[in-house]
Amino acid sequence: MDRRYRIGIIGGGQLARMMQQAAIGLGVEVRLLAEAAEGSAAQVVPLTTVGDFTDAATLAAFAETCDVLTFDHEHVPTAHLRALWDVVAIRPGPDALEYAQDKARMRERLSALGVPCPRFAICRTEADLVAFAEDQGWPVIAKTSRGGYDGKGVWRIDGPDQVGEPFAAKPDVSAGEEVVILAEEFIDFERELSVIVARSSKQAVAYPVSWTVQQDGICVETTTPAPGLPAERASELQELALRIAGELDVIGVLAVELMAARDGRIVVNELAMRPHNTGHWSIDGARASQFENHLRAVLDLPLRSPAMTCDVAVMSNVLGGGEGDLTGALQHVNARDREIAVHLYGKEVRPGRKVGHVTACDSDLERARARAHHAARYLMGDPDA
C-alpha cells in the first residue's frame with residue numbers, strides 16, 4: 001500500500017510557499033490552512049483550506065486531514081494546540097512553541113539554562129519599567145511579550161516620559177495569554193548574527209552562522225558565512241543553538257538571532273521555531289535548504305547536509321517599491337546577471353512589504369554583495385541600480 005505523508009502547514013505566507021517547493025522533491029503532500037485564498041502559499045498549494053487559525057473548531061477539522069502539523073508563523077494559540085495533542089503530531093510542540101510565542105517566558109527559560117541574554121525584567125506596570133531603567137541605566141528596550149514581529153511591538157525608551165507608550169499600545173491578552181512588557185538592557189551591538197539549526201527526534205544539524213542586517217526591525221540582508229567571525233567562535237554559536245534546540249525540545253527548524261555587543265558579549269535576541277528569513281540563502285547556497293530540512297525533521301526523515309555549495313552567499317530582501325511588474329523586471333536582472341537567484345512571493349507590491357528575495361553565490365564577498373544589491377534595488381524600482 002502506498003504511504004502518504006500529509007503535512008499540514010498553518011499560515012499562508014511565503015515561508016509556507018517555499019515549504020511547498022521543498023515538499024515536491026520529497027513526495028510529501030502539503031495541506032495548507034491559509035488566512036486568504038489569494039495568499040502567497042495558497043497560490044501554489046492545491047489542498048488549501050481558508051480559515052481562522054485562532055478558531056479551535058477550524059484547527060481541529062484541519063488537523064484531522066493531516067499526519068503532522070507545522071507552522072508558517074508562531075501565532076496559533078497554544079491552548080488550541082494542546083487540545084489537538086492526541087489527534088495529530090505537532091512539530092514543534094506547544095511546550096516548545098510557547099518560548100517563541102512569549103518573549104518573557106523565553107528570557108526566563110534561557111536564563112535558567114545559562115544561555116547568554118540581555119539583562120531583563122518583566123514589567124506589569126510603568127513603575128516596574130522605570131525602576132528597571134533607573135537601576136540598569138537609560139535607554140532601555142521595551143517589548144510586548146506576545147504578538148510583535150518585524151520590529152512591531154518594540155520600543156527604545158530614553159527616559160521616564162516615554163514609558164507609557166508600550167503599555168498604551170499592548171493588548172492585555174493575546175491568544176488567551178497575558179501580555180506583559182519585557183524590559184531589556186540596551187545593547188550597543190556591532191552587528192547581528194543568526195544560526196539556523198534543524199532537529200528531528202534522531203539527529204540535528206547546524207547551518208553556517210550568518211551576519212544579518214536589519215532596518216526598521218526588518219531583515220534586509222544576510223551574508224553567509226559571517227565575515228570576520230573566527231571559526232572557533234562560529235562553532236561555539238552553532239553548538240549553543242543546537243543546545244537550545246535540544247533543551248527546548250524543538251522539532252523542526254530553530255532560528256537563533258544574536259547580537260554581538262561592542263563589549264565582546266554575544267547574547268541571544270530572539271528565537272523563531274520555523275524556517276526564517278535569515279536562512280533563505282540556503283535554498284541556493286546549501287546542499288539542503290532550511291525548508292527541506294524542516295520538512296524532513298518534522299516527518300522524522302533523515303536530515304541532509306547543511307554545508308555550503310559556494311564560498312559566500314549574500315541574500316537581499318526585495319521590499320515593495322516603484323516596480324510593480326516583478327516578473328517582467330527579470331528581463332533586466334537576468335540579462336545583467338544570469339547566475340543571480342530570484343525568488344518572488346506572488347504578493348501584491350506595497351511600500352516596504354517583503355515581496356521576494358535574491359541570492360548571489362560567489363567566491364568573492366564584495367562581488368556577491370554588489371550582485372545582490374543591484375538585483376534587489378532594481379526589483380524595488382531603482383532603474384539606475
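Strands β15 (218-224) and β18 (312-319) and helix α12 (365-379) each contribute at least two residues to the lining of the second largest pocket, where helices (H or I, at least four residues) and strands (E, at least two) are DSSP runs numbered from the N terminus. The model is predicted, so that local features need pLDDT of at least 70 and side-chain atom pairs count only at pLDDT 80 or more, while totals for chains, interfaces and linings use all residues. Residues are numbered from 1 along each chain as its sequence is written, and side-chain values use heavy atoms, with hydrogens and water left out.

A pocket is an open set of points on a 1 Å grid over the protein atoms alone, where a 1.4 Å probe fits, with protein on both sides within 12 Å along at least five of seven lines, and lining residues have an atom within 4 Å of a point. The second largest pocket has a volume of about 180 Å³, and α12 gives the most to its lining, with four residues. Among the lining residues are Val-220, Glu-221, His-373 and Arg-377.

The unreviewed UniProt entry places a "binding site" feature at positions including Lys-143, Glu-184 and Phe-186; such annotations may be inferred rather than shown by experiment. Glu-184 lies in strand β11 (residues 181-185) and counts as buried (under 20% relative accessible area, 1.4 Å probe, protein chains only), because its relative accessibility is 3%. Not counting residues up to four places away in sequence, Glu-184 touches Lys-143, among others, contact meaning heavy atoms within 4.5 Å. Phe-186, in the loop between β11 and β12 (189-199), is partly exposed at 33%, a class lying between buried and exposed (over 50%).

Conventions. Points joined across faces, edges and corners; volume = space filled by probe spheres on them.
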